[in-house]
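This report describes selected features of a protein–DNA model. The sequence and structure are shown first.

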Amino acid sequence: MTLYADVILPLPLDQPYTYSLPKEMEGKARVGSRVLVPLGERWLTGIVVGLRKRKPERAMKVKPVAEVLDETPLFTPQLLAFARRVGRSFLVPWGEMLQSAVPPSLFVRSRASVSLTPQGKEALEKGLLSEDECQLAALLGTRPHSPLFLERKSRVKNVSALLSRMRKKELVTVEKSVRQVRRRIRPEATRGSAQLELDFSSGETVFRAAGTISGAMAKKAFSPFLLFGPAGRRKAVYSRLLREAVSSSGRVLFLVPEISLTPALIEEFEKSLGDGLALLHSQMTDRQRELEWQKVRERRVQVVIGSRSALFSPLDNLRLIILDGEQDESYSQQEGLPFDVRRAARLRAEEEKAVLVLGSSAPTIESFQRARKGRYLIDLGPESFRPKVTLLDFRGRSGLIDPRLIRAIQERLDGHEQAILFFNRRGYASYLVCNRCGFVPSCDRCDLSLAYHRSEGKLVCHACRRTVPAEMNCPRCRGRLTARRGAGIEAVAEDLRRTFPRKRIEVFAADEAGRKKERESLLGGFEKREIDILVGTQFLAHKAGLPPVALVGILHPEMVLHLADFRSGQKAYQAISRAFRFLREEKGAEIFIQTFAPDHYSIREAARGDYAAFYERELEFRRLLDYPPFSSLAEVVFSGENLRRLAGTARMFASQVKTIGKGIQVYGPALAPIARMRGLHRVQVTLRARRTKTIAKILAQILPGIRTKKSVFFFD
DNA sequence: AGCACGCCGACT
DNA sequence: GTCGGCGTGCTC
C-alpha cells in the first residue's frame, strides 16, 4: 500500500500538497522531515506535515517525493505547530515561516540556467534578432546564466516573458537543476560537560524572584514573567534559573538583542556550560549557523543563546525562554522580518509549556502594562548607582554643542579622560541645498533627500543605501550646494575638532559600504585610549564592550519625538537610558543631555531614571489617544510602480474592511511616510480594533485576494 | 513565488 | 496583422 505525505512548501500557498511516497522512502520520511519534491517545472524543498495511507480524493494527479532529506525530522511537532501559529498571527504562510526558521542552505531548490542554442548563436551572428533578444543572446554568448543574472545585467523589461518566447523559437534552452549541498556533519569531540557554576551571590530580591519563577518552572506549564530591574540583578536571576532548568535536564532558550551578545556574557556561560551551549545570531555565516543548529538538533546542548534567529532553535524539552532587553527594537517586527519576537516567544513558550521570562530595566509600555494587569511583574528594585545628570536647555541657543558641555569635555580631556557623545543623525547633513535656486538633491528611486557624507565625499540615500559622488555645484543653476541645516554626527565631530584641535575625535555609525573592520578598529582604538572623543549614533549605543567613560553627552534626544510614531516617547526614553550604560560607575561620572525639550516627560524622566513616572505619563497619553496597549493597530503598506493602480487597490481594500470588518476603524489610504522607496510607491491603510485577533482575522480573509505587493505591521 | 495563458493597445 | 504589456489561474 502506498503512503502519502502532506508537504508544506516555502511559497505563499497556505495549504499542504500531497505527494506519494515511494516504497523505499516509507520508513524514512517522518513528520517534520525535509523532502525534495517536484512542483510544476521546479524542484523545491518542503516539510512533511502529515503522513497517511489514503489518497486524497480531490487531487487529480499525485507526484512522488523525489528524495527524503532528513531521516531524523528537522522540526519537532511543537516547532511545526509553533511556526504555524506565528505565521497565522503575522499573516506569513506556514511554509515561508518554516523556511525563515532555519539556515537558508537547508532549503535546496532548483535553479534555472539559460543557454544559447546553436540556432540562437547563428541568429545572433547574422543579426536576425530583435534588440532585446540581441542583448540576452550576447550575454549568453560566453556561458549559460540564470534568469536573475540576465534581469540584472540587461536592460530588458520583462526577461521571463522574452525568454519563454525565445525558447519557443529554439533560440535558447532553459535547464533546471538542483545544486546539492549535502554534507555529512560529524560531531566534534566534546569538551566534556561542565557543571554550571554561576555566581548568584545577590540579595534577597534576587533569591525571591528566582524562587517564584522556578516554582512555576516545576509545574511544567506555560507561565510568563516580566523581570523589571537593573541588568546585574537580572543576570543573577537568570543564572539561578539556568542552573535550575539544566539540573533537571530541561533546556533553555536565551534570547538577547544584538547588542547584548557580548563576549563577556558568552564567555561566562561557556565557562559554566562548556559544550552544552550553542550560539545563534545573524552575524554568523550560514555554515556556522548550520553547525550550531546541528548541535542543537542532536541534543548536544542544553542552552541556546542568540538573537531573533534563535527563536526557532530545535530544542526539545524546552523549559525556559528568557528574552532579555525586552524593550529592544531588534525584537520588533521590521521590514523583511515578518514577526515580533516578543509575541512569538510567548507563542513558543505556550506551545512548549515553558516558562517565559521577559527582562528589562525599561520595558515597553505594552509589556509593562500587561505584566501589571496579569500580575506577573517582578520588580527587582532600583539601580544602585545613579550618576549626576545635567539637562542642558538648548532653547534660544545656536550652534551644535552647548558651551557648558564643551567646558565639561575640556575638563575631562585635561584630566586625560575620554568622552562619548551620542547624536542620532548619520553623515554630515541630512540634505544639501542650492543657495541660489533652492534645489535639493534627492534620490531618484526614493522620495527622500540625499544625505551628505562629507568624509567620504558622497551623497547617500538613507532609505535605499544608494550612494553617488557628492557634486557641490547645483545641476540646475550652477549655484553652490551647501549643508546649511540638518547637521549630523560628522558636523558635530568637525565642531569638536575645531574646539580641541590636538585631540583625536572619531565618528561611529552604521554605514552603507559595510566597512566593518574599520569600525571595529575604531572601537579598539577607543579602548586603547588612542581616541579622545567618540561621537556615535544609536548604532554605537547598541555596541557592547566599550570601556565605560566618566562623561557621556546626549545631543537632542527629542529629535525622535517629531516623528509620526506613537512610540516616539518610549524611543526617546530608551535612547537616553541606553546611553547610561556607557558611563563608569564612579562618583564623578556625569551625563549631559542637551535638548530643546527639557520639559518633555520622556526626556525628564529618563534623565531622572524614573521609569515608573515615565510609564504613568506615557500610559495616560496612550489612553487619551486610544493607542496600544488600549487598542491594537495594524499598518498595511501596499507598494507598486503604478501609483494610480496602487491607490485604487488601497481604496478598495479600505472599503472592504469597512464593510465586513465589525469593530474595526479604518484610517486612510494615505501615502506612507516615505512615499516612494526603491522605485516603488507606497500607500498605507491603518486599522484599529480592540483586539489584534479581530484585525488579523479580517486581514486573513481579505489580503489573499489582493495580489499587489504588501506588508503588514502590527502594533499591540 | 514562478510560470503559463489569454486578453487588450501600439508598432514593425 | 504581431509584439509586449499585465491581470488571472495553477502548481500535489
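**Surface near the DNA**

A residue is near a molecule or strand if its C-beta atom, placed from the backbone, lies within 6 Å of it. The model is predicted: local features need pLDDT of at least 70, side-chain atom pairs count only at pLDDT 80 or more, and totals for chains, interfaces and linings use all residues. Residues are numbered from 1 along each chain as its sequence is written, while chains are lettered from A and ligands numbered from 1 in the order in which they are written.

Around DNA strand B lie Leu 11, Pro 12, Leu 13, Gly 40, Glu 41, Ala 112, Pro 147, Ser 160 and Ser 164. This surface comprises 5 nonpolar, 3 polar and 1 charged residues (Ala, Val, Leu, Ile, Met, Phe, Trp, Tyr, Cys and Pro count as nonpolar, Asp, Glu, Lys and Arg as charged, and the others, Gly among them, as polar).

**The open sheet**

Helices (H or I, at least four residues) and strands (E, at least two) are DSSP runs, numbered from the N terminus. Two strands pair if DSSP finds at least two bridges between them. An open sheet of 6 strands has the order E15-E25-E24-E16-E23-E22, with parallel pairing. Strand E15 (388-393) and strand E22 (505-508) each have a single partner strand, so one side of each lacks a neighbour in the sheet.

Strand E24 (residues 551-555) and strand E25 (residues 590-595) run parallel and are joined by 5 bridges. Leu 555 is placed opposite Gln 594 in E25.

**Helix H13**

The 12 residues of helix H13 (residues 403-414) span 16 Å from first C-alpha to last, close to the expected 16 Å (1.5 Å times one less than the number of residues). Just after H13, His 416 has a positive phi of about 55°.
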